[in-house]
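Look at the model below and keep the sequence at hand.

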Amino acid sequence: MPNAKMFPFEEIVVTYKGGVKITLAGEELAWSLQYRPLLEKMRQFQEYWHKPVQNHWDILVTSGSMEACSMVLEMVIDIGDPIMVQVPTYEGILNALAPLIPEFIDIAQDQDGIIPENIMKVCEKRIRSGKPMPKLLYVNPTGANPTGTVLTESRRRRIYELAEMYNFLILEDDPYCFLHFVDSKPTTFLELDSSGRVIRLDSFSKVLSAGLRLGVVTANKEIIGKLIKHMTTTSMHASSLSQMLLLKFLDTWGLEGKQQHFNDVQNFYRERRDIMLSIIEKHLTGIVFYRIG
């Protein structure tokens with residue numbers, strides 16, 4: 001490990017909204033420029049916001065949630081394995097899956113997200129035909145990309161029941177968790193997970209900074225252990241400087257400050273959504289179908 005005394009940086013000053021200023025210098029700056037992970041604060045964050053119900057879980061900080069997703073898919077999927085995917089799906093996920101040549105099983109969406117009955121039909125048909133069962137379901141539960149659908153509470157619970165029944169993993173890719181326009185924060189699959197079959201991906205790109213490239217995987221400790229081995233042979237770790245900036249954000253703003261920031265982000269995008277809807281209503285009524293979510 002290189003000696004931080006030889007790094008040509010004296011201090012880094014960052015000013016957050018509201019005029020809050022932090023300075024990284026001395027030991028904190030040395031941590032920011034070395035291989036020091038952000039862990040305990042993120043465990044507290046997950047416990048507060050997502051309340052995992054099983055105790056055998058841990059987290060891994062990654063260079064964005066896309067890196068996390070790619071590592072999970074490479075770990076779980078072998079060439080030709082069946083995998084259930086919400087349709088339509090974010091192109092980046094399809095590109096990550098392409099080298100693995102999986103058997104894609106489309107799970108259609110309606111205005112309330114993916115349809116649990118379709119999952120049951122697929123699994124029952126494969127049982128009857130003797131085909132391999134899908135290992136995993138990939139889903140954006142809140143603000144699905146590109147449809148924007150939000151899974152209802154009842155569907156989330158039913159999908160988790162089906163995961164238990166047919167023994168598949170749920171890859172919960174939830175970058176828009178704090179950008180929803182519903183009345184209250186939706187229940188996450190992680191909150192329902194009593195058996196360690198949910199692999200949750202969080203991102204700070206939408207609410208803090210896309211350029212910091214920070215994502216978080218929350219999953220069963222055995223899964224996290226395997227992902228850590230994968231990461232130590234590729235990117236090694238997420239940017240320590242980015243992690244320190246996130247740590248300072250979490251420490252400085254407190255629970256009320258973070259909630260206010262998330263509310264501000266929601267209101268910002270809600271205003272722009274409303275402007276777009278007014279334009280659609282004026283110019284495209286009778287031509288296109290849309291639903292306000």
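On a 1 Å grid over the protein atoms alone, a cavity is a set of points where a 1.4 Å probe fits but cannot get out, whereas a pocket is an open set with protein on both sides within 12 Å along at least five of seven lines; lining residues have an atom within 4 Å of a point. Grid points are joined across faces, edges and corners, and a volume is the space filled by probe spheres set on the points. This is a predicted model, in which local features need pLDDT of at least 70 and side-chain atom pairs count only at pLDDT 80 or more, while totals for chains, interfaces and linings use all residues. Residues are numbered from 1 along each chain as its sequence is written, and side-chain values use heavy atoms, with hydrogens and water left out.

A search of the whole structure for cavities of 30 Å³ or more finds one. The volume of the largest cavity is about 80 Å³. Its lining includes Met42, Phe45, Gln46, Asp174 and Phe262. Helices (H or I, at least four residues) and strands (E, at least two) are DSSP runs, numbered from the N terminus. Both α2 (40-49) and β9 (198-203) supply at least two residues of this lining, and the largest share, three residues, comes from α2. For sorting by class, Ala, Val, Leu, Ile, Met, Phe, Trp, Tyr, Cys and Pro count as nonpolar, Asp, Glu, Lys and Arg as charged, and the others, Gly among them, as polar. The cavity lining has eight nonpolar, two polar and two charged residues.

Now turn to the largest pocket, with a volume of about 960 Å³. Its lining is made of 36 residues, and Gly143, Thr147, Gly148, Thr149 and Phe181 lie nearest its centre. Two or more lining residues come from each of β5 (103-110), α6 and α9 (240-283). Which element gives the most to this lining? It is α9, with five residues. By class, the pocket lining divides into 16 nonpolar, 13 polar and seven charged residues.

Helix α6 covers residues 153-166. Its 14 residues reach 20 Å from the first C-alpha to the last, close to the 20 Å expected at 1.5 Å a residue; the expected span is 1.5 Å times one less than the number of residues. Buried means under 20% relative accessible area, exposed over 50%, and partly exposed in between (1.4 Å probe, protein chains only). In α6 the buried residues are Arg155, Arg156, Ile159, Tyr160, Leu162, Ala163 and Tyr166. Seen down the helix axis, they fall within an arc of 155 degrees, so they line one face of α6; the arc is that of the directions from the axis to the C-beta atoms. Asparagine 167, which follows α6, has a positive phi near 60 degrees.

Most residues other than glycine have a negative phi, and most peptide bonds are trans. Lysine 51, in the loop between α2 and β3 (57-62), has a positive phi near 45 degrees. At 47% relative accessibility, lysine 51 is partly exposed. Isoleucine 101, in the loop between α4 and β5, has a positive phi of about 45 degrees. At 55%, isoleucine 101 counts as exposed.

Two cis peptide bonds can be found in loops. One joins valine 87 and proline 88, with omega about 0 degrees; proline 88 lies between β4 (82-87) and α4 (91-97). Another runs from asparagine 145 to proline 146, with omega near 15 degrees, and proline 146 is in the loop between β7 (136-139) and α6.
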